Amino acid sequence: MKTVYAPCSSCIRKTKHEVLFETHQQRDEETRDTYALISCGGCSTVSMGHQRLWVDDGSIDHSYYPSPVSRKAPSWTSFSSWGLMKNKEEGALSALLLEVFQAVDGGQYRLAAMGIRALLEQVMIAKVGDLPTFDAKLDEFQKKGYISLIQRDSMRATLDVGDAAMHRGFLPTEQELNVALDVVEGVFAPIFGHKTEAEKLADRVPPRPQRPPKS
């Protein structure tokens, strides 16, 4: 079977793929298109590859569907483990977080930055109420123990990235968005992702034995 090297969204790297099906099209004299269904040799994930050959200079453009991802969403963002097991409000936050990851994967960096800003604001509103300013929300969010002082400063910087993308046309890099997502995951994981797992773990831990009374 024919094989090609292509990015895999599950393995998060280029892997050897088997070509399951391939077809060729030539719509004009300038380009030749090849479409192929490909299966990752490592994890068997199936995707579609599109290759466009430019006849005049022999250059080739590649694209893949779904778009290759550079970062995996953490396992606790899945609807089965978080969103739908909680309330409608938390389910909406889960969906928004997944949309942010999809925007990063699709190269829509301004939209991702705006989504991160909205995500952090919504989680603060959910936990401390809709206070007048971001700083007021951050202060109350920290005061109630959801974040540390260091995390507060990181959240403030991350919110500023979203503000700049929204109001001043700032285009963050993929690396800057990955830093922002690190901040988001650091805030969300203890509140939503790890809480349920920790509760299950606590249920499995045997209780401490009672000490005998002192004579």
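1. Starting with the strands: E3 (residues 31-40) pairs with E4 in the antiparallel sense, with 9 bridges between them. One of the pairings is Ser-39 with Val-46, the latter sitting in E4. Keep in mind throughout that this is a predicted model.

2. Stepping back to the whole sheet: it is open, has 5 strands in the order E1-E2-E3-E4-E5, and the pairing is antiparallel. At the edges are E1 (3-8) and E5, each of which pairs on one side only. From one strand to the next, the twist averages 40°.

3. Now the E4/E5 end. Strand E4 covers residues 46-54 and E5 covers residues 60-65; they run antiparallel and are joined by 6 bridges. Leu-53 has Ile-60 of E5 as its bridge partner. The hairpin made by these strands has 5 residues between them, and there Gly-58 adopts a positive phi near 75°.

4. Most residues other than glycine have a negative phi. Ile-12, however, has a positive one, near 60°, and Ser-44 is also positive, with phi near 70°. Ile-12 belongs to the loop between E1 and strand E2 (13-25), while Ser-44 is in the loop between E3 and E4.

5. Are those two buried or exposed? Ile-12 has 28% relative accessibility, so it counts as partly exposed. Ser-44 has a relative accessible area of 52% and is therefore exposed, given that the cut-off for exposed is over 50%.

6. The buried residues of H2 include Tyr-109, Ala-113, Gly-115, Ile-116, Arg-117, Leu-120, Glu-121 and Met-124. Just after the helix comes Gly-129, with a positive phi of about 95°.

7. Helix H4 (residues 149-167) passes the length check too: 19 residues at 1.5 Å each should give 27 Å, and its end C-alpha atoms are 27 Å apart. Among its buried residues are Arg-152, Met-155, Thr-158, Leu-159, Gly-162 and Asp-163.

8. The crossing of H2 past H4 is left-handed. On the H2 side the contact includes Arg-110, Ala-113, Met-114, Ile-116, Arg-117, Leu-120 and Met-124, and on the H4 side it includes Met-155, Thr-158, Leu-159, Val-161, Gly-162, Asp-163, Ala-165 and Met-166.

9. Last, an arginine to check in the viewer. Arg-156 lies in helix H4. Why does Arg-156 count as buried? Its relative accessibility is 18%, and buried means under 20%. Leaving aside residues up to four places away in sequence, Arg-156 touches Phe-134, Asp-135, Leu-138 and Asp-163. Asp-163 is itself among the buried residues of H4 and also takes part in the contact with H2.

Note on methods:
Residues are numbered from 1 along each chain as its sequence is written. This is a predicted model: local features need pLDDT of at least 70, side-chain atom pairs count only at pLDDT 80 or more; totals for chains, interfaces and linings use all residues. Side-chain values use heavy atoms; hydrogens and water are left out. Two strands pair if DSSP finds at least two bridges between them. Helices (H or I, at least four residues) and strands (E, at least two) are DSSP runs, numbered from the N terminus. The expected span of a helix is 1.5 Å times one less than its number of residues. Buried means under 20% relative accessible area, exposed over 50%, partly exposed in between (1.4 Å probe, protein chains only). A crossing is left-handed if the near helix is turned anticlockwise from the far one by less than a right angle, and right-handed if clockwise. Contact means heavy atoms within 4.5 Å. Axes are lines fitted to C-alpha atoms, for helices over the stretch in contact, and angles run from 0 to 180 degrees between N-to-C directions.
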